[in-house]
Amino acid sequence: MNRTAKIALVLALVVVVGMAFRVSWNALRDVAKTIGADDAAANLYPFVVDGLMALALVAALVLTDDARRFALRVLAAYTLASLVLNYVHGLVPALHSKTVDWGRLADWDPANWALVLLATSLPVGSIYFGSDLVAKVLHHRPAIEPDQQESTRTPAYRSTSEQDEPPAEQPETQEEVDSSPVAPIEAIETRPQLAVAAEVTRPRRATGRVPAVARSTRPARTEVELLAEARSLTESWPVEKLTGEGIRKALRTSPAKARIVRETLKAERERDAAAAVTG
């Protein structure tokens, strides 16, 4: 539907609602006079009932979830009340005359009491429900679309390169680490750095400088010291016990360094065993 058709549809609705209000206004004014309202109050009484219906309809179009259901209930209740009073106006001919029996909307007393209670409670209900609906509309926050929500959550302190960085993969379990193939490793003493550690570790986003109180007081061990300590601790270990997790717990080091030490110790034991056989 194009814009012109939508505007025409809205205008037609306004015209229909306006004519319906004029028809209902006559009945509600006569009912208001019967329950003791003066001329000015009787002329304003239809706006109290049908006006709140219009307010509830607008609120139902704006609100969502429980608030929307509340607005629809108010709309249904006041629509039913207006229907009952219009129906009574059509059944009681005395209401159409200028002189009516004050406080008499039905011949049967229980029905008359119920109708008078309904007619007199509608203005008070309009104050309560109208205020509540307006407060709900003013405090309503529209839901954010998923793409907009993601854009609003982008931290301002992240650089453009960090924002375009793909999400980090899940870390490998220890069984996957132990079973994954490792490139041939030479003696750690001849290598200035743990190159394999750079291969297995993945880049992480910078999280800021670690506070001094959170830093470990244990001095950093060099690669040579780490290997020497591993030789001393695992000297009595069988080959089957030389696992990455066991070495990591014994040395209290990272999984990447533990893997390097494990492969180096295995290579040394294989070399010693081969030398013993040939010797």
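Okay, one definition before we start: the axis of a helix here is a line fitted to its C-alpha atoms over the stretch in contact, and angles run from 0 to 180 degrees between N-to-C directions. And keep in mind that what you're looking at is a predicted model.

So, take helix H10, residues 244-251, and helix H11, residues 255-278. They pack at an angle of about 115 degrees, and their axes are 8 Å apart. Angles from 65 to 115 count as roughly perpendicular, so that's what we call H10 and H11. Their crossing is right-handed.

Arg248 is partly exposed, at 26% relative accessibility.

Now over to helix H3, residues 65-91, where we find Asp65. Most residues other than glycine have a negative phi. Asp65 is exposed, at 58%.

Also in H3, Asp66 and Arg69 are 3 residues apart, again about one turn. They form a salt bridge, closest N and O atoms 2.1 Å apart. Asp66 is exposed at 54%, while Arg69 is partly exposed at 42%.

Last stop, the surface: Leu57, Val58, Leu61 and Val62 make a nonpolar patch of about 370 Å². Leu57 belongs to helix H2, residues 39-62, and is partly exposed at 41%.

How values were computed: Residues are numbered from 1 along each chain as its sequence is written. This is a predicted model: local features need pLDDT of at least 70, side-chain atom pairs count only at pLDDT 80 or more; totals for chains, interfaces and linings use all residues. Side-chain values use heavy atoms; hydrogens and water are left out. Patches are made of residues with over 30% relative accessible area and no salt bridge: like charges are joined within 9 Å, nonpolar side chains (Val, Leu, Ile, Met, Phe, Trp, Tyr) within 5 Å. Accessible areas come from the Shrake-Rupley method with a 1.4 Å probe; for residues, only the protein chains shown count as cover. A salt bridge is a side-chain nitrogen of Lys or Arg within 4 Å of a carboxyl oxygen of Asp or Glu. Helices (H or I, at least four residues) and strands (E, at least two) are DSSP runs, numbered from the N terminus. Buried means under 20% relative accessible area, exposed over 50%, partly exposed in between (1.4 Å probe, protein chains only). Angles under 35 degrees count as roughly parallel, over 145 as roughly antiparallel, 65 to 115 as roughly perpendicular and the rest as oblique. A crossing is left-handed if the near helix is turned anticlockwise from the far one by less than a right angle, and right-handed if clockwise.
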